[in-house]
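Colleague: Please take me through a few features of a model, one at a time. I would like the general idea before each case.

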Amino acid sequence: MGYKLQSLHITHYKHKSLNLKLSILFLLFFPVFLSAQKYIFYFIGDGFGVGALTYCENMAKEKGDTLCFTQFPVTGFITTHSADSLVTCSAAAATALASGEKTNNGMLNISPDLKRKLTPISKTLHQQGFSVGIATSVSLDHATPAGFYAHSTSRTDYYDIAKQLAVSGFEFFAGSGFRQPEPARTVSIFKLLKDNQYTVSTSIRQCAESQSIKNVLIQPQGKNVKQLPYAIYKDKTDFTLPQITRLGIEKLTALEKPFFFMVEGGLIDWAAHDNLSKELYGEVKEFSEAIEVALNFYKQNADETLIIVTADHETGGIITVSKGIRFNSKDHTGNIVPVFAIGKGAENFSGLYDNTHITSKILQFCN
Ligand SMILES: [Zn+2]
């Protein structure tokens, strides 16, 4: 009996000492766990090719502006062709940039043979515990944002794409609106969002004050659901890309988890399609200001943050000539596009490679 008690006592003592050792280990490593967060910013300038970059860099110099990302320490280029064309559309390009695989023009995250659903990096990271934010200057159901949460054989199935947004579980969405929120004989996207615990706000302030974990910010009724106004025509009531980037960072950091945040400058492409040079510069400048917001976050969290800035394809076939610029196309081209990177893991983004390689480079940083 005495022996048994003694051995029990010894066992108890051993546990105590083990607990103590574990506590010390925990205390030693807990700050490391806390600081080992990962923050990924993925900026996509839709249609922002080397021609537009040359033009905008020249314009910035002329106006005394700076485009912050052009000074990032790492630069590279990506090829942009889709599975079925040398000239990609934004849906196939978003698939490559999000899921790391090529598909045919017009399709989102479905393999060219229609047999496989492709998984966007946003979903992979969400499953690993990251919070996810998606922001754009066009509608949330448009090709580039949709590439980060939806699968579709047709990029224009806006209602079906928006339905997938409502069940994505991602924490933050901001954009101009939804193109087909309630087609006849369907359940409204707004009801689906509510059913899935999303709070839909129509002002930055309302969204900032929302206590929900999951938030959607869109423009108020009466504004064009397809796009935010061009930067150069905005009034005080219009959202800007830097504003929604700042809001997204606030919302995502409040969740105290690592995060992945995709921000699209969607109107760079639209201005280039219409060969509008002033509007184009305004969009690129606003895109740069949004990146500057992320850059300020990076400066506070340098060891945990990676910022990638790239494009899905080139639009407009822009060349600089002696008298200014010339648009050679009203459509996309197959030209390579630039990549800029800063932060942890940025060194992997130099050189010329395919757009399908970006996701694996980001995942290298995450794992
Ligand atoms: Zn386009």
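Colleague: Why is Asn275 classed as partly exposed?

Modeller: Burial is judged by counting C-beta atoms, placed from the backbone, within 10 Å of the residue's own: 20 or more others means buried, 12 or fewer exposed, and anything in between partly exposed. Asn275 has 18 other C-beta atoms within 10 Å, so it is partly exposed. Residues are numbered from 1 along each chain as its sequence is written. This is a predicted model, in which local features need pLDDT of at least 70 and side-chain atom pairs count only at pLDDT 80 or more, while totals for chains, interfaces and linings use all residues.

Colleague: Where is Asn275 placed, and what is its phi?

Modeller: Most residues other than glycine have a negative phi. Asn275 is not a glycine, yet its phi is positive, about 55°. Asn275 is in the loop between α10 and α11. Those labels come from DSSP runs numbered from the N terminus: helices are H or I of at least four residues, and strands are E of at least two. Glu256 also has a positive phi, near 55°, and is found in the loop between α9 and β7 (259-265). Glu256 is exposed, because 10 other C-beta atoms lie within 10 Å.

Colleague: Which residue with a positive phi follows α2?

Modeller: Gly64 follows α2, with phi near 75°.

Colleague: At what angle do the axes of α2 and α11 cross?

Modeller: Two packed helices are described by the angle between their axes and the distance between the axes. Axes are lines fitted to C-alpha atoms, for helices over the stretch in contact, and angles between N-to-C directions run from 0 to 180 degrees. The axes of α2 (residues 50-63) and α11 come within 10 Å and cross at roughly 85°. The two helices are therefore roughly perpendicular, a class that covers 65 to 115 degrees. Residues are in contact if their C-beta atoms, placed from the backbone, lie within 7 Å. Here α2 contributes Ala52, Cys56 and Met59, and α11 contributes Leu280, Tyr281 and Val284. By class, this contact has six nonpolar, no polar and no charged residues. Ala, Val, Leu, Ile, Met, Phe, Trp, Tyr, Cys and Pro count as nonpolar, Asp, Glu, Lys and Arg as charged, and the others, Gly among them, as polar.

Colleague: Which residues of α2 are buried, and what covers them?

Modeller: Gly51, Ala52, Leu53, Tyr55, Cys56 and Met59 are buried. Their cover includes α10, α11 and β13. As for α11, 17 of its 24 residues are buried.

Colleague: How many residues are in the largest nonpolar core?

Modeller: A nonpolar core is a set of buried Ala, Val, Leu, Ile, Met, Phe, Trp, Tyr and Cys residues joined through C-beta atoms within 7 Å. The largest one here has 104 residues, and Phe41, Ala52 and Val284 are among those with the most contacts inside it. Helix α11 (residues 277-300) gives the most to this core, with ten residues. Leaving aside neighbours within four places in sequence, Phe41 is in contact with Phe261, Val263, Ala294, Ile307 and Ile308.

Notes. Contact = placed C-beta atoms within 7 Å. Parallel < 35°, antiparallel > 145°, perpendicular 65-115°, else oblique.
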